[in-house]
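Okay, thanks for having me. Have a look at this one while I get my notes in order, and then I'll walk you through it.

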Amino acid sequence: MKALLSRMHMALIGMILAFGLSACGINNVPTLQEQAKAAWSEVQNQYQRRADLIPNLVETVKGFAQQEREVLTQVTEARAKATQVQVDASTVTDPEKFRQFQEAQNQLSGALGRLLATVERYPELKSNANFLALQSQLEGTENRIAVARRDYIAAVQGYNTELRTIPGRWIASIVYPDAKPMETFTATAGSDRPPEVKF
């Protein structure tokens, strides 16, 4: 009987410890880290979708605007550079790699903007069904990129906050010593100024 009580006592202590550990937030760091990594994967997914649409868009424009070689070349080169700079979930803690990735994506966005501005000179292209469908898909993808980036920023904020506040800071230093704050997006230089509109 004494042995049975001793086992029950040990089991009860084990259950109390397990419950106490689960309630104290010991799993918050890896849970928030995985959420941030999943959000980053969605950002990459949307950037890849945009990169996949660009060759079709360039080919469609090329058929109508042969003299716009320079703009088409800029878009193609920016796409190639953007797809070469990779930041996966394991390297979102590296500020330099993250900056390079963001810079490459910003260059691609700028080149696409110039391409779409060039299209304004070709009314027959603007009414082409192929081009309109691609332009619509590209606009939708840009919106998805903005949403994915916003979700990633929120996930990283939760994760980084957990690493910097108590008890998460203590738990991370003891149980997850490899956990580092993740990088997040910053505004493109000059985006704080309104665009210049000329009539």
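Predicted model: local features only at pLDDT ≥ 70, side-chain atom pairs only at ≥ 80, totals over all residues.

Let's start with Arg50 and Glu142, whose side chains meet in a salt bridge at 3.0 Å, N to O. By salt bridge I mean a side-chain nitrogen of Lys or Arg within 4 Å of a carboxyl oxygen of Asp or Glu. Arg50 sits in helix 2 and Glu142 in helix 6, so this pair ties together parts that are 92 residues apart in sequence. Arg50 counts as buried, at 0% relative accessibility, while Glu142 is partly exposed at 28%. The cut-offs there: buried is under 20% relative accessible area, exposed is over 50%, and partly exposed is in between, with a 1.4 Å probe and protein chains only.

Residues are numbered from 1 along each chain as its sequence is written, and side-chain values use heavy atoms, with hydrogens and water left out.

What is in contact with Gln105, leaving aside neighbours within four places in sequence? Tyr47, Ala82 and our friend Arg50, where contact means heavy atoms within 4.5 Å. Gln105 belongs to helix 4, residues 95-119, and is buried, with a relative accessible area of 5%.

Back to salt bridges: the count comes to six. Glu34 pairs with Lys37, the closest N and O atoms being 3.9 Å apart. Both are in helix 2, three residues apart, about one turn of the helix. Arg150 and Asp151 make another one, at 3.1 Å, N to O. There's also a network, with Glu96, Arg99 and Glu103 joined by salt bridges that share partners.

Okay, the overall fold. Seven helices, zero strands; these are DSSP runs numbered from the N terminus, H or I of at least four residues for helices and E of at least two for strands. Of the 199 residues, 31% count as buried. Among contacts between residues at least 6 apart in sequence, 78% join residues at least 24 apart.

Now the inside. In the largest nonpolar core there are 45 residues, and Trp40, Val61 and Tyr152 touch the most other members. A core here is a set of buried Ala, Val, Leu, Ile, Met, Phe, Trp, Tyr and Cys residues joined through side-chain atoms within 4.5 Å. Helix 2, helix 3, helix 4 and helix 6 each give two or more residues to this core, and helix 2 brings the largest share, twelve residues. Beyond neighbours within four places in sequence, Trp40 contacts several residues, including Phe98, Phe101, Tyr152 and Phe185.

Last stop, helix 7. Which of its residues are buried? Gly168, Ile171 and Ala172. They cover an arc of only 100 degrees around the axis, which puts them on the same side of helix 7; that arc is taken from the directions from the helix axis to the C-beta atoms. Helix 2 and helix 6 are among what covers them. The face turned away from the buried side carries the exposed Trp170, Ser173 and Ile174, and Ile174 has a relative accessible area of 68%.

One more detail: the peptide bond from Ile166 to Pro167 is cis, with omega near 15 degrees. Pro167 is in the loop between helix 6 and helix 7. That's my tour, thanks.
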